[in-house]
Amino acid sequence: WSGKTVSAFGSQISTTAISLAAILTLQASAAQLGLLGALASVPALLLGLPAGVWADRTRRRPVMIVTDLLRAAALATVPLAALLGVLGFAQLTLISVVVAALTVFFEVADNAFLPTVIAREQLVDGNSKLGVSDSLAEIGGPAIGGVLVQAIGAPFAILVDAASYLISALVLARIRAVEPAIPQAAQAPAMRREIGEGLRTVLHNRLLLPLLAALAVFNLLGGFFGALYSLYVVRNLELPPALLGVLISAGGVGALIGAASAGRLTQRLGIGPALISGLAVHSICSLLTPLAAGAPSQISAILLFSQIAGDTTLMIFFIDALSLRQAVAPDRLLGRVNASFTVVMAAVSPVGFLLGGLLGEAIGVRPTLFISALGSWIAVLILLCSPVRKLTALPSELVVGES
């Protein structure tokens, strides 16, 4: 938890510092900034499934430690190059891609390692604590990054993230939990076969398949909001950019509330009802955004409530969905199951952004946001029609193909 907290803050600082290094230090154009962001999302799509296989072939903690050290080393080259006067956009882009690739391996191993550290019945509480750290970093990290960039310059602010990965590696090295033994076969199966086994585990499982389908639908339609929300607030509603920043930060506050309350709410309602209720309430709150009207103060209040309440319940949904995935998947397949989810999300999210932009051009921004908010109920219906809705507690592992 300590390592995750320090690393999360460092990552948020680095995200801010890298973009500002491109803008302020290298005078990057809008097209270059778009390229920087787009390429950083490619590793999750290309490497997610192989990362899952690797996480299941070896012990997860060493993978996490090594990727932390490599991320620290990669990021440290940016201030070094700046100090030598040779920092260029190509290097900044390459480092972003390398760090993103290493993060894919870390996250897949991290999600598979958590059930080793804590008991299955503690997964929701454990993921809630980790979610609190992520939410706090989302709220405070960019602000800290901006201050550091102004104080010491963008390239050198990245050193803080490099240091955070070193701290994370140090505390991970001190964990004494014993990981389950990895079965040693006479000959390792082909990676394609192992990837297929992970995918079949998800597709043939009566809990994992609807969960994946709901998340895919939600992320696809959520891309509409991601593409158009800022444009809608500033251009359609004519609110000032400063207020847009406040609204986005309010979402981080809501996520923090959701992470802190997920454990208690799930214990009271049961894992299935809490998970579905979180997504349903978020879908209701999403409708408030395209419905916002009236004086600027009224619009602001509506959007503020939508952000806080919506992100509170969405965080509960995400925490319970992750905990359910970790509880259901067999340990030897957990890396590949997590990777399957990661790859599907990485595939549908950019499509959602693209479709959202095209629809916004074709039929208008507000109607597109209505489609997104109403369409998210498809994800709710998928879960309501599945066995997930009857779950009151995290189940034990299910074997491949169990129905």
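A salt bridge here is a side-chain nitrogen of Lys or Arg within 4 Å of a carboxyl oxygen of Asp or Glu. By that criterion the side chains of Lys 4 and Asp 110 meet in a salt bridge, at 3.6 Å from N to O. The model is predicted: local features need pLDDT of at least 70, side-chain atom pairs count only at pLDDT 80 or more, and totals for chains, interfaces and linings use all residues. Residues are numbered from 1 along each chain as its sequence is written, and side-chain values use heavy atoms, with hydrogens and water left out.

**Salt bridges**

- The structure holds 4 salt bridges.
- Side chains of opposite charge can pair when their charged atoms come close.
- Lys 4 also forms a salt bridge with Glu 107, where the closest N and O atoms are 3.7 Å apart.
- This pair links distant parts of the chain, with Lys 4 in helix α1 (residues 2-25) and Glu 107 in helix α5 (residues 89-117), 103 residues apart; helices are DSSP runs of H or I with at least four residues, numbered from the N terminus.
- The pair of Lys 4 in helix α1 and Asp 110 in helix α5 likewise links distant parts of the chain, 106 residues apart.
- Glu 107 is partly exposed at 30% relative accessibility, while Asp 110 is buried at 13%; buried means under 20% relative accessible area, exposed over 50%, and partly exposed in between (1.4 Å probe, protein chains only).
- Asp 68 and Arg 71 meet through their side chains in a salt bridge of 2.7 Å, N to O.
- Both Asp 68 and Arg 71 lie in helix α4 (residues 60-84), 3 residues apart, about one turn of the helix.
- Asp 68 is buried, with a relative accessible area of 0%, and Arg 71 is buried at 2%.

**Charges over rings**

- Arg 71 also lies over the face of Phe 106, 4.6 Å from the ring centre; a charge sits over a ring if NZ of Lys or CZ of Arg is within 6 Å of the ring centre and within 35 degrees of the ring normal.
- Arg 325 has its charged end over the ring of Phe 341, 4.5 Å from the centre of that ring.

**Aromatic pairs**

- A search of the whole structure finds 3 aromatic pairs; rings of Phe, Tyr and Trp (its six-membered ring) pair if their centres lie within 6.5 Å, and planes under 30 degrees apart count as stacked, over 60 as edge-to-face and the rest as tilted.
- The ring centres of Phe 218 and Phe 318 are 6.1 Å apart and the planes stand at 75°, so the pair is edge-to-face.
- Phe 218 lies in helix α9 (residues 208-236) and Phe 318 in helix α12 (residues 296-328), so this pair ties together parts that are 100 residues apart in sequence.
- Phe 218 is buried at 9% relative accessible area, whereas Phe 318 is partly exposed at 33%.
- Phe 218, Phe 317 and Phe 318 are linked into a cluster by ring pairs.

**Leu 355**

- Leu 355 lies in helix α13 (residues 334-363) and is partly exposed, with a relative accessible area of 37%.
- The C-alpha atoms of Leu 355 and Leu 303 are separated by 23 Å, and the two residues are 52 residues apart along the chain.

How values were computed:
Helices (H or I, at least four residues) and strands (E, at least two) are DSSP runs, numbered from the N terminus.
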